[in-house]
Amino acid sequence: MPSDHQIPPTATAKATPAVGDVSAAAPSFPIVGIGASAGGLAAFEAFFAGMPADEDPGMAFVLVQHLAPDHKSVLAELLQRYTRMPVSEVEDGVVLEPNCIYVIPPARDLALINGSLHLLDPSAPRGLRLPIDFFFKSLAQDQHERAVGIILSGTGSDGSQGVRAIKGEGGMIMAQTPASTEFDGMPRSALATCLVDYELLPRDMPAQLIAYAKHALGKLPKTSGVSSPSNENSLRKIFLLLRSQTGHDFSLYKRNTICRRIERRMAVHQVTDLESFVQLLQQTPSEVQALFRDLLIGVTNFFRDPEAFKALEHNFIPKLFEDKSPTAAIRVWVAGCSTGEEAYSIAILLKERVETLKQSFVVQIFATDIDSQAIAAARTGVFPASIAADMSPDRLARFFTADTGAHSYRIRKDVRDMIVFSEQDVIKDPPFSKLDLICCRNLLIYLSIHLQRKLIPLFHYALSPGGILFLGSSEGIGDYDQLFDVLDRKAKLYKQKALPLTHLTRTSRGSFVPPLTPIDPLELQPHAAGRILKRMSLRELMEQTLMREVVPAGALVSENGDILYLHGRTGKYLELAPGEPGTNILKMARDGLRTDLAMTLHQATRTKAIARVSHVNVKTNDQYARINVTVLPATSDTDSATEPQLFVVIFDEATHGVCEPSQPNAAATSATLGQLDQAQVMTDTDARVAELKNELRAKEEYLRATNEELETSSEELKSANEEMQSVNEELQSTNEELETSKEELQSVNEELATVNSELQTKVSDLSRANNDMNNLLAGTGIGTVFVDHQLRILRFTPAASAIINLIPSDVGRPVAHIVSNLAGYNSLVPDVQGVLDTLVAKDVEVSTLDGKSFNMRIQPYRTLDHVIEGAVISFMDITLLVRTRTALAKANEAQRLAIVVRDSLDAICVHDLMGRIIAWNPGAQRLYGWSEAEAQLMNMRDRIPQGLREGAMTTLTQTSQSDSLQPQMTKRLTKQGSVIEVSVISSALLNEAGELYAIATTERSTRGANS
C-alpha cells in the first residue's frame, strides 16, 4: 500500500470534464469522509434521510465502506432513494463538487489530492486492508482544518488512525452512538481515542454538521484575529485556566498552533469571540479538559518516518552496545511518547539487537508525556488492527498477539516490561540522566524558540558522553553545534559532545535547568595503579620523565595526590602520617611542605602545565631545609584521552643550605649587626621583605585556589544533587508504574471476581435448570433415550430403564448391545439409523412382555443452531388407550349386532339357563305383545303353553348346542293369552371361557293365532 505521504498522481485519468488536474486549487467547500463497515447501509440511509429537504449542505461527501472485492456494489443505487443529491461511484481523477455524494468502488483504495479523488490498487491482502484509515489520512493531508471525518457502524478498528490524522490537522470528527449501531466496533474504537467531537445518531448528524460548517468555515475569525493584541488578555486567561486545572503552562507554545486549536474548539461550540469562549471555559470545566486534549493531539504511529528508523536501526543502535559489558544497562528516554507507539518501536529495535547479540543486556526505556490519558493507553499496550500497515508481518507476529474478537493487537509482555511509562513535563520536571539515547520526535515543533533553547541543553545534560539524540524530521538542534555532532542530518540523529565545564542555572520560576556542558569527573583510587596504565609500566614512565629533568627525588601522583610511584630518596620530604596508613602525598608531606605542595599540585592539575615553588622551608630531623618543588604533567607516547592525567612531583634542594632551628641571642645579634655595614643590612632587609611578600602572595594564591576548589566542590555537589533529583524522579516514575500495575491488578482481580460471580450464577442456573429438566422428564413418565450419531447412549430417563433394561453404566454403550423388553420388535437400530439418514421422525407402536403398550417415537436431536447431534427415542405409555380401543371395538361390534336384532322382523329372545329373559327385541313385542320391560320380568316358561312346558327348556338347550341349527315347530303364548304356532331356532351363547351362559331364540309365526 503506498504511504499516505506519497500519494502518486494518477497518470491514467480519463479525459472528461469530471477529471481535474492534481495541481488545481484546493476546493473552498468542506469535504466529509464517512467510513462504515458491517451495518453501514442502514446508517448511511439514516444519515442522508436526515438532510434538510429545503437546503443544500454545501459540502461533498465521500463514502468509504468495506466491500467485497469480487462483488459489484449497488450502494450508490440504494442511497439515491434517500437523497436528492446525485450519488455516483468514484472514477479515477474525479474532481469533487459540492452537494454530491461519491462512493468508493470495490477492491480499490481511495486518495484525495488537491480536491480530486484517485483510485489505487490495494497492496494489503484481503482482510488486512484499512481503506477508511487510508482515505482519512489523505483527507487530513489535503484539507487540513477543513477535513471532516464521520465513523458509522462497523466491526474492527478501521478509521481510528485516520481520526488521529484529521484531528492532528485541526479537523472535526463525528461518531455514531454505539447503542444505535448494528456493530459497534468502529465507533467504540474511534471514541476510545478521546478525539471525537460529536457522538450522535446518524439522523441527527446532518443538522450538527451543517451548523459546524457554517460557523467554523464561515464566520469564525482566523488565527490572526485570535492572536491580535485585543485578544491577548483573553488568551492569557485561557492559559491561566489551563494551568490551574491541568498544571501545565501553554503560554510558551507556538502561538499559531495554540490559536488554531482554540479556534477549532470555538467552532465546535459555535462561539464567535474569545471572551465568550473564556466564559464557556469558566462555566464548563470539562471543556478545559477537551481543549487540553486538543492541544496534546499526538499524530503518531509505529516506526513513523521509516527511513529515519532504518538509519537508527542499522547505523546507530549497534553503537549503543559497543564497549558495553553483557550485564550493562542501555538507558533510553522517549520524551512526549503520546500513546506509546514510538516507545514500543524503539523497544522492538533494541529487543532485536539484544537477540542478535545473544547477550543479557538490560534495556531500560523511560517513556513520558504530560497527557495522563495517553500514558494510560500506552500502559495497556493494546493497539488497533490498523497498526499492521506500519510494520512488517514478521515484526507483527513476533512482538504482538492478535485479539480477533476485539480486532486489536497487544504488545508482548517481554517488550512491555522494557518500558516504564510515567507522566512528566519535560519543560519543568527534572530529566533522566546517564542516558544512551533520547528520542524526542515532533515535540519541539510545537514549542517556542525560547523553550527549544532550554530543552536542547537539557538533552545534552541527560545524555551520557557520546549518547544519541533522535529528533523529528522537521526539528533540529538550532545553534547548539557546540553541544552535539551531526550523525545523520536527514534522519535528525545527533551525538553528544563531552565538554569540560559544568554550569547550573535556574529560571526565575524555579524550574529545573540542567548543566549546559556537564562532564563526569573520574575519581582515581590509590589501589588502582595497575589498572590505570596498561600500555607502559609505572617505572618506565617515571624514569623517562626524570631523565628529562635530571632530578634526584620525586613521586608519580594522580590529580588527587595519590602516590603511584616513588623515585630516589624522598624520606627527607615525606613521612607516614599518624593514624591509618595512606599513600597520599599531601598527607605524607613534612611540616612546612604541605601547603606549598598542595598549591603547586592544584595549579598543575588546573593548567595542565609545569608549576614551581621555590625556597620552601621543610622541617627534617629538627632542622629546616630550603627546597624547590616542581610539579609537571607526566606524558608518554602511548597516552590516550580515556586515561587519567598523572603528575610528577620533583623535590630539589635550594642552594642556601641548612638553617639551625635555634634562635640566636640578642647580644650576638647586635654584635653581628654592628659589624655589618648599613648597605648590607638594607640588602638583607629588602631580601627578607621580598621573601615575605612572595610567601604572602603564595598564601593568597593558595587561599584563592582553595576557594576555587570549594566552589568547584559546591558545583559538583549541586550537580550531584540534580542527578539525585533525576534519580528520584526515575524512582518516582517506577513507583508510579508499580502503583499503576497494582491498580491494574486490582482492576483485573475485580473483573475476575465479577466474572466468577457471573459464572457461579450461571452454574446455579444451569444446575436448577438441570434439576427441573430431570424432574420434568421423570414426572411425565415418558421414557426417553438420547443417542449420538454412532447410536451410543448419551442419557436416558428413569421410565426408559423399565422398557429397555438400562442402568447408569450403560451410558456410552451402543444401543444395539442392550436387551430390551419389547415383544416382537427387533428393528430399533435400523429405525434409528433411518431417522438419522433421512431426518424424518418415525412412530412405532410397541408392547412389552408384561402386556403394556407404548408409542415409540424416533426423531433427530437438534441443537439451537439447527445442528443434528444424534437422535431421541421416546416411549409414551398407551396401554389404557389400547385397552380402550379394544373395548371400543368390541362395543362397536355389539352395537352392530344390536342393530340387527332391533331391526329384524323375527322375534329374538335371549334367556339365561334359568329361563329368565334378558333380551327382547321389537319383533318379539310385535309377535307376542309384551314390551321389553315386561318381558324381562318374565321367565321363558311363562310363554310356553301349559301342556308343553315339561321338557321345553331341556329341548331348547339341546337344540341350541347342536351343530346344525334346524327350525323347531312349537307353540307360544301371547300377551292376550292366545296360542300361536312358531318356528324356533335356538342358539347357544358362550363366554370367553367357552361356557354356555345363555340361549338365544329366533321365533317366527307360521300361521295366524288361534282363538
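Visitor: Which residue stands opposite valine 382 in strand 14?

Guide: In this predicted model, valine 382 faces arginine 410 of strand 14. Strand 12 and strand 14 (residues 408–411) run antiparallel and are joined by three bridges.

Visitor: What sheet does that pairing belong to, and in what order do its strands come?

Guide: The sheet is open and has three strands, ordered 12-14-13, with antiparallel pairing. At its edges stand strand 12 (382–384) and strand 13 (400–403); each has a single partner strand, so one side of each lacks a neighbour in the sheet. From one strand to the next, the twist averages 30°.

Visitor: Which strands make up the open sheet of seven, and is its pairing parallel or antiparallel?

Guide: Its order is 3-4-2-1-7-8-9, and the pairing is parallel. The edge positions belong to strand 3 (87–89) and strand 9 (198–200), each of which pairs on one side only. The twist here averages 20° from one strand to the next.

Visitor: How many bridges link strand 7 and strand 8?

Guide: Four bridges link strand 7 (residues 147–151) to strand 8 (residues 172–176), in the parallel sense. Within this part of the sheet, isoleucine 150 is placed opposite methionine 174 of strand 8.

Visitor: Which strands does helix 5 lie across?

Guide: Helix 5 (residues 185–192) lies across strand 1 (31–36), strand 7, strand 8 and strand 9. Relative to strand 7, helix 5 runs at about 130°.

Visitor: Turning to helix 4, how many of its residues are buried?

Guide: Nine of the nine residues of helix 4 (residues 160–168) are buried, and the helix is mostly covered. The buried residues include Arg164 and Lys167, together with Val163 and Ile166. After helix 4 comes glycine 170, with a positive phi near 90°.

Visitor: Where else does a glycine take a positive phi, in the hairpin of strand 32 and strand 33?

Guide: There, glycine 915 has a positive phi near 95°, in a hairpin with four residues between the strands. Strand 32 (residues 907–912) and strand 33 (residues 917–920) run antiparallel and are joined by three bridges. Histidine 911 has isoleucine 917 of strand 33 as its bridge partner.

Visitor: On to helix packing: at what angle do helix 12 and helix 13 cross?

Guide: The axes of helix 12 (residues 306–320) and helix 13 (residues 341–357) cross at roughly 50° and come within 10 Å. The two helices are therefore oblique to each other. Helix 12 passes helix 13 in a right-handed crossing. Among the residues making the contact are Phe309, Leu312 and Ile317 of helix 12, and Ile346, Leu349 and Arg353 of helix 13.

Visitor: And how far apart are the axes of helix 8 and helix 9?

Guide: The axes of helix 8 (residues 232–246) and helix 9 (residues 255–269) are 13 Å apart, and the helices pack at an angle of about 80°. Helix 8 and helix 9 are therefore roughly perpendicular to each other. Glu232, Leu235, Ile238 and Phe239 of helix 8 meet Arg255, Ile258, Cys259 and Ile262 of helix 9.

Visitor: Stepping back, how many helices and strands does the protein have?

Guide: The protein comes to 29 helices and 36 strands. Of its 1011 residues, 45% count as buried. Of the contacts between residues at least 6 apart in sequence, 63% join residues at least 24 apart.

Methods:
Residues are numbered from 1 along each chain as its sequence is written. This is a predicted model: local features need pLDDT of at least 70, side-chain atom pairs count only at pLDDT 80 or more; totals for chains, interfaces and linings use all residues. Side-chain values use heavy atoms; hydrogens and water are left out. Two strands pair if DSSP finds at least two bridges between them. Axes are lines fitted to C-alpha atoms, for helices over the stretch in contact, and angles run from 0 to 180 degrees between N-to-C directions. Contact means heavy atoms within 4.5 Å. Buried means under 20% relative accessible area, exposed over 50%, partly exposed in between (1.4 Å probe, protein chains only). Angles under 35 degrees count as roughly parallel, over 145 as roughly antiparallel, 65 to 115 as roughly perpendicular and the rest as oblique. A crossing is left-handed if the near helix is turned anticlockwise from the far one by less than a right angle, and right-handed if clockwise.
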